[in-house]
Amino acid sequence: AAKPTNASAATKPTAVPDAPKPKTARAWLVMDDATGKILAGEQIDERLEPASLTKVMTAYVIAAELQAGRIQAHDAVKMSVNAWQHGGGAVDGRYSGFEVNKAADLTEMLKGMLVQSSNDVAVALAEHVADTEPAFAALMNDYAKRLGMENTHFTTSHGLSAEDQYSTARDLATLGRAFIRDY
């Protein structure tokens with residue numbers, strides 16, 4: 001015997017609740033990863049300091065450089081005095097504990113940046129890839145342009161407050177989608 005069906009349930013659309021609005025965020029968005037369609041958000045194109053989300057772009061550049069073969073996963077990356085001074089304890093930033101003037105495996109450094117949000121490691125990785133943090137920031141900006149991040153400009157690899165460093169919720173969501181897609 002056929003099971004009875006509830007015709008009204010079959011034709012009734014499923015209710016989708018509104019996206020929850022963050023209480024303290026100045027800008028936010030919910031984006032569909034598959035399509036890039038923005039489902040909800042406020043102030044999505046307002047330029048704000050990206051803070052530690054800057055490290056997502058730093059990691060994106062590191063991943064791209066690894067894939068291109070310009071650096072290797074087990075390269076020895078030096079924790080320079082500069083990295084310590086401009087990203088670590090000397091500026092009251094989050095730092096890793098890697099010893100100054102000693103080298104560590106790139107993979108371990110990358111974990112330190114991504115898991116601990118270590119600012120000194122972000123600078124050390126930037127120096128490893130491009131010799132200086134400003135040169136690395138130029139790479140970050142090149143990648144941002146390629147990804148279509150139209151309202152973003154980086155001046156540091158770590159995201160501590162810096163003049164002329166900004167991004168938007170839309171651009172950071174674009175970066176997140178690209179990171180998942182590409183790496």
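The questions and answers below walk through a predicted model of a protein chain, from its overall build to a few single residues.

Reader: What percentage of the residues in the protein chain is buried?
Author: The accessible surface of the chain comes to about 10600 Å², and carbon and sulfur atoms account for 52% of that surface. A residue counts as buried when its relative accessible area is under 20%. Of the 183 residues in the chain, the buried share is 40%.

Reader: Which element gives the largest share of the largest nonpolar core?
Author: The largest nonpolar core has 33 residues, and those with the most contacts inside it are Met 57, Ile 62, Met 109, Leu 125 and Phe 136. Two or more residues of this core come from each of helix 2, helix 4, helix 5, helix 6 (133-146) and helix 7 (169-182). The largest share, 8 residues, is given by helix 5.

Reader: Within what arc do the buried residues of helix 4 fall?
Author: In helix 4 (residues 106-116), the buried residues are Leu 106, Met 109, Leu 110, Gly 112 and Met 113. Seen down the helix axis, these buried residues line one face of helix 4, because they fall within an arc of 155°.

Reader: Which residues are exposed on the other side of helix 4?
Author: The cover over the buried residues of helix 4 includes helix 2 (54-68), strand 3 (76-78), strand 4 (103-105) and helix 5 (119-130). On the other side of helix 4, the exposed residues are Leu 114 and Val 115.

Reader: Which residue caps the N-terminal end of helix 4?
Author: At the N-terminal end of helix 4, a side-chain oxygen lies 3.0 Å from the backbone nitrogen of Thr 107, and the residue that supplies this oxygen as a cap is Asp 105. As for what comes after the helix, Ser 117 follows helix 4 and has a positive phi, near 60°. The capping residue is Asp 105.

Reader: Which residue's backbone oxygen does the side chain of Ser 118 reach?
Author: Ser 118 lies in the loop between helix 4 and helix 5, and its relative accessible area of 0% makes it buried. Ser 118 and Tyr 95 are 23 residues apart in sequence, yet their C-alpha atoms are 4.5 Å apart in space. At 3.0 Å, the side chain of Ser 118 reaches the backbone oxygen of Gly 112.

Reader: Is Thr 156 buried or exposed, and at what relative accessibility?
Author: Thr 156 belongs to the loop between helix 6 and helix 7, where its side chain reaches the backbone nitrogen of Gly 159 at 3.0 Å. Beyond its neighbours within four places in sequence, Thr 156 is in contact with Thr 54, Glu 133, Ala 137, Met 140, Ala 162 and Gln 165. Thr 156 counts as buried, with a relative accessibility of 8%.

Reader: What is the phi of Gln 43?
Author: Gln 43 is found in the loop between strand 2 and helix 2, and at 49% relative accessibility it counts as partly exposed. Although Gln 43 is not a glycine, its phi is positive, at about 55°.

Conventions:
Residues numbered from 1 in each chain as written. Predicted model: local features only at pLDDT ≥ 70, side-chain atom pairs only at ≥ 80, totals over all residues. Heavy atoms only, no water. Buried < 20%, exposed > 50% of the residue type's maximum accessible area, 1.4 Å probe, protein only. Helix = DSSP H or I, 4+ residues; strand = E, 2+ residues; numbered from the N terminus. Arc of directions from axis to C-beta. Contact = heavy atoms within 4.5 Å. Polar contact = N/O pair within 3.5 Å; in protein donor to acceptor, adjacent residues only side chain to side chain. Areas by Shrake-Rupley, 256 points an atom, 1.4 Å probe, with all protein chains shown as cover. Core = buried A, V, L, I, M, F, W, Y, C linked by side-chain atoms within 4.5 Å.
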